[in-house]
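Here is a quick tour for someone opening this structure for the first time. Have a look at it, then read on.

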Amino acid sequence: MPAKATRGIDVKVLDIQRMSTEDGPGLRTTVFVKGCPLRCAWCHNPESIPPRSHVEWLGVRCIGCRICEQTCPQKGIRLDTDGVHTSEQCEACGACTAACPTQALELKGTDYTVDALFDTVMKDRSYWGKDGGVTLSGGEITLQWQEALTLLTKLKEAGVNTAVDTCGLAKREVFEALLPVTDIFLYDLKLFDDAQHRRFTGQGNARIISNFEWLTAACEGTDTRIWVRTPIIPGATDTDDNIRGIATLVQDKTEKWELCAFNNLCRDKYDRLGKDWDFKEAGLISKARMEALTALAVSCGAPQAVWSGATARTDSET
Amino acid sequence: MAAKYENAVKKPGALSPRVKWLRDYYFQGTNRKWNNEYNAYTTGTPWDAQFDEMTYYIVPENYSFLSTFVQSFKQISEVVPVDDAFWKKSLAERKADFTKKCVVERLPVEILPGDLLCGARFNMMYSMCLTEKQQKERDKLIKEARKSMLFLFEHGYGNSGATSGHLIPNYKKIIDKGFKAEYEYLEKLYGDLSPADQNGSKGAQLRAMMTACTMPKELAEKYSAFCKAQAEKCKDPKRKEELLVMAANTAKVPWNPAENFYEAIQSLWLTHMLVMSDERYPGPGVSFGRIDQYLYPYYKKSVAEGMTEDFMKEILGCFWFHCNTAYDAMIRVGGNQGITAGFGQLLTLSGMGKNGEDMTNELTYLFLDVIDDMSPILEPKPNVRLHRGSPEKLLNKVVDMISTSQGAPFLLNFDERSMAGMMRESEYCGGLINQDNVCEYAPVGCLENTMVGNDRSGTVDNNLNLLKALELVYANGKDMEPYEDKMGGAPTKLTQDGPQTGELKDLDTWEKFFKAYQIQTAYIVRKMVDNYELSESIRAKFNPTPYLSTLVTGCAEKGIDVTQGGAEISFVTMEGVTFATTVDSLLAVKYLVYDQKECTLEELVKALRANWEGYEILQAKAQYRAPKYGRDDDAADAMAQLVMKNWADEVWKYKTKSTNRQFRPGMLSWNYWIGSSYILKASANGRKNPQFLSNAICPSNGADVNGPTSNSNSVGTALGGKSAHGDFGEYVNYLPNGASHTITFNTSLIRDPTHKEKFKSFLKGYIQNGGTALQINILDPDVLRDAQAHPQDYRHLLVRITGYNAYFVTVGKELQDEIIARESHKGY
C-alpha cells in the first residue's frame, strides 16, 4: 500500500520522551502519539486514548487566576470549587493553554509536521550509540501509519535505528508498509482468549494474532527484531492459562518476551481526567508470582521470556 | 539512620586491616588523640602576624571572622627564635629560612600505627617574616583591600581575592629527579647571574628557592632516623621490617630520584604536604595532575620486581588517609570533623594522548579500585578524563562505580571540550599551550583546567555575579536599593557606581536594552579586575612562597616568585556566577516587555523591586511562559551563547598590573549561588529573593524540562557548540577554565546491566555534545522528599516505571511516599 503524499499532514504528538530507557534497546527518543483503537481497562496512559487534542489541568500548578475562562473563545472552560473543567464546547484550540501563566493547563496533542518531528528527535542522535534510536509509540502509532512511514523512511535514510511499538490492531498492509523501515517491533500480546480480550480491551484479538503470525514469519531470517510485551494485570492477564496460551504464539520466534508487572501509580491520571478506574485498588503483584509466570513461559518453549516492573515488597525485603 | 535506609548509603570495600584502621581512625574526628590541627609560629616580634586574610576573601561566610583569625593565630603561635642576620636578608630568604626552621625543627615527627608513609602534621601557620615597616605598610594596604572586597560582596558584584593553591606543582620532576637535581639547577642558574643580579631580587629569590629545596631533605632525614629508632624498639618482626623500609625510603626521597612505586608515593606525599603548608591555608586545590601517567613507569617496575597490587593498594590507602588529614586544620569548627569546605586535592585519571590515543593503563584501574574501596571519603578527589576514544572497559568501570555510590565518587572531565578551552589561551602564553601538548592538561580545585607543573591561573580568585549587570541596568547604574548593614551601622546612600545606561522609558527597544546590559557587564568585569589588583599586588609584595616556586616551572628561570607571576603560564581566572539566571532574565525581559508586550519595562522593574509581591501573574509568566536556557531550545540557547561570548570577551581585555597575569573566563559557582541569592534582588526570570540563583553553567533549577540530553546539549551550545573552525577539532569552548555542570539522575536508570549500558550511551553522547566537566548525582530519597516539600523547584521531575510516566509533583502525597520508599530500596 503506497503512502499518500504527506506534505502538510501533521502527526498528533502526545509527548516526546528524550533519553528513554524503556522503549527498546539502547537509549532512545520515544514519540508518543495520540489515539488508540483499544480501550484496555488497565490503561496506564489514558490521556493518549482520544485521537483529538484535549486540555488537561494540573491542579498543583494552578493559581486560580481565571485567565483561561477569560481567554476561551468558546466559553468551554471554567474554574469550579474542585478545579478547572472543560465542557463540550471545548475545541482544544489551545487559546487557554497558551495564555495560562503557570502552565497549569496543558494541551495534550501537538501537531508536528514530519520534518519538524524529524529535526526534533535528531537533536539527541549523539546519545543513541549503536543500540539506541527512535521509537514510535502511542496511543497507537499505526493509526497514523502514513506519517509514521514517512518519518521512519527519513530516519532509516539517516542511518537511525527505528522501533515501532504497537498493539497489533491494524490492517496487514500497514505492517507490510512499515516492515522495511522498522528495525524492531515492540508488539503487545495481552490476552490469548478472544472473549477475554474483547471484555478487557473492547476488541477481539483475531487480527492481532494473525498480524503477529504474519510478522514473525516475515521477520524470520532477517535482521528485523521482535520484542513481545505482555502486561501482567491482576485479575485480567495474570493467569497461568493466559501465559500458556500466549506462549503457543510466541514460542521461541521472538528475541524477547517481556512480562510487565502491573502498577497502580497512574490512578491520579484518572482522577484528573475525572474518570473512575477499575484497578484503583489493585495491589502490586508479588515478585514470586512474576518469577513463576516467567518460569511458566520458559517451560512452554519461550526461553526468551523475562519480567520487569515494580513488585510488591514482601516482609523479608523491608 | 533508620535501618531500612542503611543499604542506600555506600560502604567502603574490603580494606586491609591497616588501611581500615587508619580510615576508621580518621572518621573518629575530634575524638582522636592525634590530629593535624594548625600549629602557628612567630619570629617573636610584637608586630608579627601569621594568618593571611586574603586567602579567605573568596569565602564570604568567613568575612566576620577575619580579624579573629588574625588575632587567634597570633595568640597561639610559638616563638621560633631568629638571629640578627635573619633580618638583613631579603623577604624571600627570610620566608624560606623560617619555614625550613619550623618544618625541620618544630614539626612533630610521628608515625601512626601501621602507617606506611612518613609525613604529617603539615597544617602550619608561619610568620609572615615582615619587618615592622613592612608589616605596617601591609596592614594599611590590607585595610583598603578589605574595604574594596566587602563593597564588592555587599553590593552584589561577587567576591575576589588572591587565593592560595589551585595549581598542579611539578611533582613528576621531583619524583623522577629529586630535589637534588632541582637544587643543582638553581645553583647553576644562580652562578650564571651577573654579580648585580646575584645581589638583587633575582639572586635573593634563587637563594631562597635553594634553601627551600633542602627543607624536604632534612625533614625526610628526621623521619628516617625516627623510623630506624622505632624499628629497633619494635617487637613485631613484620612491622620492624616495614619501619626499616620506611627509614630507607626517607633516607633517599624526595632528595634523590625514586626508583620504585613505594618510593615514588613517599616522595610525592612529602613534597605535596609541604606545598600544603607553604601557603598556610593550607593550600586548597593543590592537585596531583595525571597521576596514573607519571607514576606508571614506577608501577611497571615494581610489578616486575614482584610488588603485589595488594601492597600498592595498602600504600595508596595510607596516602588517602594522609590527604584527608588536611581537614584537621579546623577540626573543631563545624559539626562534621571540621569538614566545612573541600581542599580539592584532585588526582586525574585516564584521558587522551598527543595523537588522540587513549592513555588508560593498569594503574588507572588500580586507582579506581582504591577509590571504590575507600569511598565514601572526600580526599583526594578523583577526576576521570573521558574522550571519544575512551575504552569500553573504563566506561564500564565508571558506570559501575556511579551505580554503587550515591552518584559518582569522581568528577568526569571531557577532553575535547576542555582542550578546546585551553587552546584559547595559546596566543596569550606565547604558544606554550599547543595542539601537541594540550592533552597534558589536568584540573585543579574542583574542575578548573590548567596545564601541569608550569601553570598558576588563579582558578577561583574572582567570582562575578553576572546578574549584577542587569540590576545596574534597571537602576541606571545604581544599586536597586541602598545597602543596609544588617548588623547595624550608618545608613548608606545610593551612589552612581556604574555608568548611566538610560532611564527605563528610554530603553524602548530590545536592542537598546541589550546594549545597556553589555555596557554594565563591561563595568562589573572592570570593577572586579580593579578590586583584584589590590590583593594581588599585596601578595606579590609581601607573601613569597619560595618552596612552591621550586615546583613551578618559570619561577627559577625568571627569578621571581610564583606569587609575583613567576609561572610560565600565569593567568588569573574570573568565574561567571548566576549564568542561567542572567540568561533566563534576559529572555524574560525580551519575551515580556519587547516581544509579547505583557508589561512595560518600568512595570517589570517595579515588580522586581516588590520581590514579585502583588505581581504573581506576571511572575508566573516570567517563570513558565518565557523561554529558558537548558531545554535545547535553539533560540534560547543562542541567547545563552551570546551572553557567554559577551562576558568572556570582556574578561580577556585585562591583565593584572602588578604581576602581568592575563585574565581568562571560567564558570564555577562553589556555594556563591546560594549565598548571593540573599543579596541580589528578585530577577526577571521569576525568581524571588532569596530563592537560589543558578549554579555554574547549569540551567536554572527546574528549567531543564526536556531531560538530561537536552540539558547537556544546551550546555555545549552555551560554551560555543561546534564549528568548522573549532578551537580543538570542531569543538568550541569560550571558557578555558571549564564549566561546572551537575545532573541528577534517577536510580532506576542504572538498575541493571542493560540500563548501565544505556547510561554509558549517555556519557558517550555527552562527550560529543556536552560541556567540560560533569558531576553525576543519583536521585536519592532525600531529594524526592525535598521535591515533596518544594514542588515548585521540581516541576519537571519525571518518574518513570516501566510503561508509566508522570511528573513526581503532580501525583498525590500518598503515591509520592510510595515512590520514595521504592527509591530507597531500589526495589524495581
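## Ground rules

Helices and strands here are DSSP runs, numbered from the N terminus: a helix is H or I with at least four residues, and a strand is E with at least two. This is a predicted model, so local features need pLDDT of at least 70 and side-chain atom pairs count only at pLDDT 80 or more, while totals for chains, interfaces and linings use all residues. Residues are numbered from 1 along each chain as its sequence is written, chains are lettered from A and ligands numbered from 1 in the order in which they are written, and side-chain values use heavy atoms, with hydrogens and water left out.

## Two domains in chain A

Start with chain A, which is assigned domain 1 (10-51 + 111-317) and domain 2 (54-108); such bounds come from an automatic or database domain assignment. Six residues of domain 1 of chain A and five residues of domain 2 of chain A make up the contact, meaning heavy atoms within 4.5 Å. Over C-alpha atoms, the centres of domain 1 of chain A and domain 2 of chain A are 32 Å apart.

How much area is buried between domain 1 of chain A and domain 2 of chain A? About 470 Å², with 58% coming from carbon and sulfur atoms. (Buried area is the accessible area, using a 1.4 Å probe, that two parts lose on being put together, summed over both.) On the domain 1 side of chain A, A:Lys34, A:Glu47 and A:Arg272 supply 67% of the area buried against domain 2 of chain A, more than any other three residues.

As for salt bridges (a side-chain nitrogen of Lys or Arg within 4 Å of a carboxyl oxygen of Asp or Glu), the count between domain 1 of chain A and domain 2 of chain A is zero.

## A sheet in chain B

Over in chain B there's an open sheet of three strands in the order 2-1-3, with parallel pairing. Strands count as paired if DSSP finds at least two bridges between them. The edges are strand 2 (78-79) and strand 3 (124-125) of chain B, each pairing on one side only.

Strand 1 (residues 39-42) of chain B is joined to strand 2 of chain B by two bridges, and B:Tyr41 has B:Glu78 as its bridge partner there. Two bridges also link strand 1 of chain B with strand 3 of chain B, where B:Ala40 is partnered by B:Met125.

Most residues other than glycine have a negative phi, and most peptide bonds are trans. Where does B:Arg121 lie? In the loop between helix 4 (91-106) and strand 3 of chain B, and phi of B:Arg121 is positive, near 60°.

One runs from A:Gly138 to A:Gly139, with omega near 0°; A:Gly139 sits in the loop between strand 8 (133-137) and helix 5 (145-157) of chain A. Another joins B:Val253 and B:Pro254, with omega about 5°, and B:Pro254 is in the loop between helix 9 (237-252) and helix 10 (261-278) of chain B.
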